[in-house]
Amino acid sequence: MYTREQTRVVRVGDLYIGGGHPIVVQSMTNCDPHDAQALIEQVQALANAGCELVRLTVPDAEAAEVFAKVRKHSPVPLVADIHFDYRMALAAIEAGADKIRINPGNIGSEDRVKQILRAAKAAGIPIRIGVNSGSLPKDLVARYGVSAQALVEAAARYIDLCQRCDFTDLVFSLKASTVPLAIEAVRLFAEKYDFPQHLGITEAGPGELGIIKSAAGLGGMLAYGLGDTIRVSLTGDPVREVEVAYRILQAYGLRDYGPMIVSCPTCGRCSVPLEEIVAQVSEALKEVKTPLTVAVMGCAVNGPGEAREADIGIACGPNGGLLFRHGEVIAKLATDELVPRLLAEIRQFSGRNILC
Ligand code: SF4
């Protein structure tokens, strides 16, 4: 299996995808593709949140003109998302797209796909080919059903077509309607091909539901060592997608995204208002970008162990608690001293001014 260290490297603007480079976090704008100002602002907001690659839909010629304007203002590379009309891919390449995303299954004839490949090659930009369980070739569905094998066979056809055009600057995404099928398709693809893969759980849904589905799906893929770029799809503000993507990657130790809180669920042994303490610590850490682990634990059962493992931690007890730094107890504190001292300790680490 080709894990992320072994995939080919694809350059997108000043970014590298694959070959063990850090997993690139992407998102997609959701405002009107004809509103240049709204797009410029949303791209900037996404970049401010840490998004490294932003995708814009280009459904018509007017949107391609707007894309060119947005590209001039964008601090990050932009991907043009193309469906149905190959001429929009050509227009987006002309407009300065750093990468094109197509689903050849809805572009039409082979000749049209070839025209896109030729234009991308001339511009020196890569293409992401998205294969979706909802738009598989009919003969593959008849033969394999809607399955991981059908998704990989569809990808194989596009690889063959691209190779015949001497175009190999490719990233693939295989998406399916259910999490187990999506994971299986990504795994099966990596058994055969060393092209970098873009991970996503399509139509994950709103809020918490979408986050849970994304974490379950993307986590399953990441755990195999797969995935070179990632997007979390949530209904709503795309800026939220960026934070969730980083948090998932952070949980796997694959990217840093500021402080991580480790806190216990509390139980009958807990004698302090732990939820309140955790909320205070979370609030204070919001602006801190330093990657550090902070443990906030409710009692002596698992508290000292977890607090010792963290960069900074507190293990509470009935009459106060212990403050840890890098595995050592540095203070025995009364209950009302715990939070202020913990925050002072974090402040020292981060060099930032945190208000208690
Ligand atoms: S650390 Fe203590 S309070 Fe927290 S869940 Fe474990 S036993 Fe309960």
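Ile129 stands opposite Phe172 in strand 8, where strands are DSSP runs of E of at least two residues and helices are runs of H or I of at least four, both numbered from the N terminus. Strand 7 (residues 127–132), running parallel to strand 8, is joined to it by 6 bridges; strands count as paired if DSSP finds at least two bridges between them. The model is a predicted one, in which local features require pLDDT of at least 70 and side-chain atom pairs count only at pLDDT 80 or more, while totals for chains, interfaces and linings use all residues. Residue numbers start from 1 along each chain as its sequence is written.

The parallel pairing extends through an open sheet of 8 strands, in the order 8-7-6-5-4-3-10-9. Strand 8 and strand 9 (198–200) form the edges; each has a single partner strand, so one side of each lacks a neighbour in the sheet. On average, neighbouring strands of this sheet are turned by 25° against each other, direction ignored. Helix 7 (residues 179–192) packs on the sheet, touching strand 8 and strand 9, and its direction makes about 150° with that of strand 8. Axes here are lines fitted to C-alpha atoms, for helices over the stretch in contact, and angles between N-to-C directions run from 0 to 180 degrees. Helix 9 (residues 238–251) lies across strand 3 (24–28) and strand 10 (229–231), at about 155° to strand 3.

Helix 3 (residues 86–94) is largely enclosed by the rest of the structure, because 7 of its 9 residues are buried. A residue is termed buried if 20 or more other C-beta atoms lie within 10 Å of its own, exposed if 12 or fewer do, and partly exposed in between, with C-beta atoms placed from the backbone. The buried residues of helix 3 are Tyr86, Met88, Ala89, Leu90, Ala91, Ala92 and Ile93. These residues pack against helix 2 (61–73), strand 5 (78–82), strand 6 (99–102) and helix 4 (110–123), a contact being a pair of residues whose C-beta atoms, placed from the backbone, lie within 7 Å. Just after helix 3, Gly96 adopts a positive phi of about 100°.

Positive phi values also occur outside glycine. Asp166, in the loop between helix 6 (148–164) and strand 8 (170–175), has a phi near 60°. Asp166 counts as exposed because it has 9 C-beta neighbours inside 10 Å. Thr266 has a positive phi of about 70° and lies in the loop between strand 11 (260–263) and helix 10 (274–285). With 16 other C-beta atoms within 10 Å, Thr266 is partly exposed.

Thr266 is also one of the residues around the ligand, together with Cys264, Pro265, Cys267, Arg269, Cys270, Met297, Gly298, Cys299, Val301, Asn302 and Gly303; a residue belongs to this shell if its C-beta atom, placed from the backbone, lies within 6 Å of the ligand. The shell comprises 7 nonpolar, 4 polar and 1 charged residues.

At the level of the whole chain, the domain assignment gives domain 1 (10–251) and domain 2 (260–350), with bounds taken from an automatic or database assignment. Their C-alpha centres lie 40 Å apart. The protein chain contains 12 helices and 15 strands, and its C-alpha trace spans about 75 × 45 × 30 Å along its principal axes. Of its 356 residues, 44% count as buried. Among contacts between residues at least 6 apart in sequence, 59% join residues at least 24 apart.

Key
Contact = placed C-beta atoms within 7 Å. Nonpolar A, V, L, I, M, F, W, Y, C, P; charged D, E, K, R; others polar.
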